[in-house]
Amino acid sequence: MRSLAPARVLILSDRQVVPTVSRTGTFEFEDLVASVDAVDVVPLGRPGSRIQRRLERIVPGAFGAPARLDRGEPYDLLFASFHALSELARLHPLGRVLALARRAFVNIDELWSTSMLRHRGDLEQLRRFDRIYSPCAGALELLQSATGRPCEHLPPSVDALRFAPGGPNPARVIDLHLMGRRRPDLHQALREAAEKSQRFYYFDSLQSNPPMPNYVEHRLRLADLVRRTRYFVVDIANSDFPEKRGNQQEYGPRFVEGAAGGAILIGQAPRTTSFDAQFWPGAVQAIEPDAASITQLLSELESEPERTERMRRTNAAQVLRRHDGVYRWEQILRAAGLEPLPA
């Protein structure tokens, strides 16, 4: 994919390697950036053989870059985003890849202090980037200490215009919407609350991360669902894997996706300074995994329709002001010393 203007940015995308549901928001961000900047988006291939990876560690840049990336003049910026540290192997041969741009930034979505020591080899790879980003703010200090590179929080974002409720607003026929993985006790409580009060509870019955080749269609579908949702359930990231997150509390993209569509967020929010800095008072209505208390909260909210309408408008407006992907790209451009283009 190529922008109309001469490209100054190279985005390396893993959309052809891991086209899974959990990565569709990242691909949406890459497309959004390509629509407002002069960008080449180049899909990565699968990592090389084990022998090739070992050789590259010994002789960085031993293998030539794909011909499609040889253009003579280096890009101003290379940007790549990966789900986890273990996926950095896709950038082999890293030495040759980083030579394609004057600066190289990388984003790691999943960054947990409990597992960082198991990825010492991958942390060495990160030392070769000029700046490292992650939405997991709680592990950045440890990452910066381990790599010696500047590390910066890149909060989750969304294509807010795609998700924003338009006029005339569609009917919010989904009472409760829980997307993706969840804590079993919370899911059971929501089911009981919905059954007893005859509310429509929409959830993912398939608890996995399936391939999603048409990620654009998936994002359009998700936006349609959120715009038709009254109460969107959120939780601390990896709440169902306490051994993975340890004491670290983070929030995922669903917080901004649900609010962007004008749904009211209910659930649990992280108790962190990074969350407080990004969200507004009352952004999340707290619930516990108890059917009776969930039903009571919904009844209280529904008894004040003017208040709930204000909450929905506030959520959508705040995401437009704070969490659109273009704001994240401006943050990255500032760090790279590049001016945003008029788009």
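This section describes the sheet, its packing helices and the nonpolar cores of a predicted model.

The model contains an open sheet of 6 strands with parallel pairing. The strand order is β2-β1-β3-β4-β5-β6. β2 and β6 (151-153) stand at the edges, each with a single partner strand, so one side of each has no neighbour in the sheet. Neighbouring strands are turned by 20° against each other on average, direction ignored.

β1 and β2 pair in the parallel sense over 5 bridges. I11 stands opposite V41 in β2, and L12 has V42 of β2 as its bridge partner. The chain runs from β1 through helix α1 (residues 24-36) to β2, and this β-α-β crossover is right-handed. α1 packs on the sheet and touches β1, β2 and β3. Its direction makes about 160° with that of β1. Helix α14 (residues 325-336) also packs on the sheet, touching β1, β3, β4, β5 (131-134) and β6. The direction of α14 makes about 135° with that of β3.

In regular strands, side chains alternate between the two faces of the sheet. V39, V41 and P43 point one way from β2, and D40 and V42 point the other way. Because 5 of the 5 residues of β2 (residues 39-43) are buried, this strand is largely enclosed by the rest of the structure.

The largest nonpolar core has 31 residues. L12, L91, L111, L126 and L143 have the most contacts inside it. Elements that each supply at least two residues include β1 (9-13), β3 (77-82) and α5 (140-147). Beyond four places in sequence, L126 touches L85, L88, V106, I108, I132, L143, T147 and R149. Another core, of 23 residues, lies apart from the largest one. Among its residues are V158, A160, Y251 and F255.

Definitions and conventions: Residues are numbered from 1 along each chain as its sequence is written. This is a predicted model: local features need pLDDT of at least 70, side-chain atom pairs count only at pLDDT 80 or more; totals for chains, interfaces and linings use all residues. Side-chain values use heavy atoms; hydrogens and water are left out. A nonpolar core is a set of buried Ala, Val, Leu, Ile, Met, Phe, Trp, Tyr and Cys residues joined through side-chain atoms within 4.5 Å. Buried means under 20% relative accessible area, exposed over 50%, partly exposed in between (1.4 Å probe, protein chains only). Helices (H or I, at least four residues) and strands (E, at least two) are DSSP runs, numbered from the N terminus. Contact means heavy atoms within 4.5 Å. Two strands pair if DSSP finds at least two bridges between them. A crossover is right-handed if, with the strands pointing away from the viewer, the path from the first strand over the helix to the second runs clockwise. Axes are lines fitted to C-alpha atoms, for helices over the stretch in contact, and angles run from 0 to 180 degrees between N-to-C directions.
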